[in-house]
Amino acid sequence: MLVLFETAAGYAIFKVLDEQKLQQVDSLWKEFETPDKANKVVKLKHFEKFQDTTEALAAATALVEGKLGKSLKKVLKKVVAKDAHEQLAITDAKLGGVIKEKLNLSCVHSPAVAELMRGIRYQMEGLITGLPPREISAMSLGLAHSLSRYKLKFSPDKVDTMIVQAISLLDDLDKELNNYIMRCREWYGWHFPELGKIITDNLAYCKSVRKIGDRTNVVNTDLSEVVPEEIEAEVKLAAEISMGTEVSEEDIHNIMHLCDQVIEISEYRSQLYDYLKNRMMAIAPNLTVMVGELVGARLISHAGSLLNLAKHPASTVQILGAEKALFRALKTRRDTPKYGLIYHASLVGQTTAKNKGKISRTLAAKTALAIRYDALGEDTNAEMGLENRAKLEARLRQLEEKGIRRISGSGKALARADKYQHKSDVKVYDPSGDSTLPSVSKKRKIEEVEEAEEEDKPVEVKAKKVKREIPAEETEEAAEAETETPKKKKKKKVKHVEGPMVEEEEVMVSLVEETTEKEGKKKKKKEKKREAEEEEPETVVSPTEETTEKKKKKKKKAKVEEGE
């Protein structure tokens, strides 16, 4: 039996001298306690040394991936093909299948083979001659570093430190540009204040100041390369009637030097942005597709590196940059923030305020996957980012259309617009639906009811008149002749009067009083008449008091009231 043993220095093939000892797996380790005992079990048949680290890395990566490398294939053809009838003991069963398929060699992998490999590795220095221990350790260390670098896909193009520095410098340049431009506008505004209102773009303003200099030179200056013709004509017109103060040539020279600085910084800023864009597409293409270059670079800068950012969960990516607001909310027990740096992404920006929280949460989840794919994945394309962005846009449309579905009435389908059909029917305006108030007021109703009651009682009024006349005539007769017969009539009349309603009695009393007052008090003044009219309702309320006073005045009236 032959044994294939891989080392950092090369491939070693051993021949098993005593195969019966392999059957005793539990006690096999005792055979490798010393180099002498190990040489009695296995013997080195061939050793193929690697030429350099590159070849060692290629062989190691092939073994890790379970593939048959070129160097291993040559060794197997050279050595093992001679002893094709013998079995080949290997560590990886997957590699044994590949060898058997391509070279038609029988391979063995069992617990006894694994224990044999462990013993050979323990006594490797005594079994492999010609390799000093120092050289083997150096080769192992170099191969380990190379293999680790290969697994992490380490390359100069994937250094995220440059991104951190570039985005920090970009922010600093923006701040400095704002300060310089503000100072330039304020400085030159003393000389030509109208120019700042006409030209709003900062870079165009500095270029115009650089070309104009003193405002008296505007007439002979060509600004067509900087601003449109309409604005150029407006600038020339404003220079003729400018209210600015005069400045010296030295002041103009310093202002122009400041404008040069602004122009140079602006050009360098655009160049730095292009550099950052290209670097982001090289290092994190999927992250760039999801949130953009600037937001992706700020996320990497905030986390420290792309690998550190890949370790963060989606919830942390969502609020990255809003730590101060998060801890303040936790301390005061209020709502935590929904987004941090990710708020400036285009997908969140184009969403309505109601759905920003949902989209930021979904975007953070997909962005976390894209970051991990960029940091630890093997491919360097942006297919996954494009696919996830398409899903997010579909989700955004769904959220925006949800409100339309609710308005439609059914809540399940979109609102449908019916086909337009022209109708020539003429509709008459119905004014009855204008107001829900009653057409007739309550006062009018009450007056109508009272009028109706008065109309219903015309006969009773006539009877009242007759009754009023009868007692007046009888009172005169009673005054002339005091007989008993009229008294009986009066009693009958009184009894007849008691029959009607209380309202009729009050009306009769008031009428009798008016007649008696007219006969007895013709010569009284108008003031006494007004007092009498005021006392009339009191007589209606309390007739007993009036009767007692009027008994003394006139006996006829007293007799009538006693009958009541």
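1. The sheet. Five strands make up an open sheet in the order S3-S2-S1-S4-S5, and its pairing is mixed. Strands here are DSSP runs of type E with at least two residues, helices are H or I runs of at least four, and both are numbered from the N terminus. Two strands count as paired if DSSP finds at least two bridges between them. S3 and strand S5 (107-108) are the edge strands, each pairing on one side only.

2. Basis of the values. The model is predicted, so local features are given only at pLDDT of at least 70 and side-chain atom pairs only at pLDDT 80 or more, while totals for chains, interfaces and linings use all residues. Residues are numbered from 1 along each chain as its sequence is written, and side-chain values use heavy atoms, with hydrogens and water left out.

3. Strand S1 and its partners. Strand S1 (residues 2-6) runs antiparallel to S2, and five bridges join the two. They form a hairpin with three residues between them. Within this pairing, Glu6 is opposite Tyr11 and Phe5 is opposite Ala12. With S4, S1 pairs in the parallel sense over two bridges; here Val3 stands opposite Ala89. Four of the five residues of S1 are buried, which leaves the strand mostly covered. Buried means under 20% relative accessible area, exposed means over 50%, and partly exposed is in between (1.4 Å probe, protein chains only).

4. Helix H5. Glu115 lies in helix H5 (residues 111-122). Its relative accessibility is 18%, so Glu115 counts as buried. Setting aside neighbours within four places in sequence, Glu115 is in contact with Val25, Leu28 and Trp29, where contact means heavy atoms within 4.5 Å.

5. Aromatic pairs. Three aromatic pairs are found in a search of the whole structure. The rings of Phe, Tyr and Trp (its six-membered ring) pair if their centres lie within 6.5 Å; planes under 30 degrees apart are stacked, over 60 edge-to-face, and the rest tilted. One of the pairs is Phe5 with Phe14, edge-to-face at 6.4 Å centre to centre and 70° between the planes. Both Phe5 and Phe14 are buried. Tyr11 and Phe50 form another edge-to-face pair, with 5.4 Å between centres and 75° between planes. Tyr11 belongs to strand S2 (residues 10-16) and Phe50 to the loop between strand S3 (42-49) and helix H2 (53-64), so this pair ties together parts that are 39 residues apart in sequence. Tyr11 and Phe50 are both buried.

6. A charge over a ring. Arg185 lies over the face of Tyr205, 4.4 Å from the ring centre. The criterion is NZ of Lys or CZ of Arg within 6 Å of the ring centre and within 35 degrees of the ring normal.

7. Cysteines. The structure has zero disulfides, a disulfide being a pair of cysteine sulfur atoms within 2.5 Å. Cys259 is in no disulfide, and the nearest cysteine sulfur, that of Cys184, is 3.3 Å away. Cys259 is buried, with a relative accessible area of 0%. Cys107, at 24% relative accessibility, counts as partly exposed.
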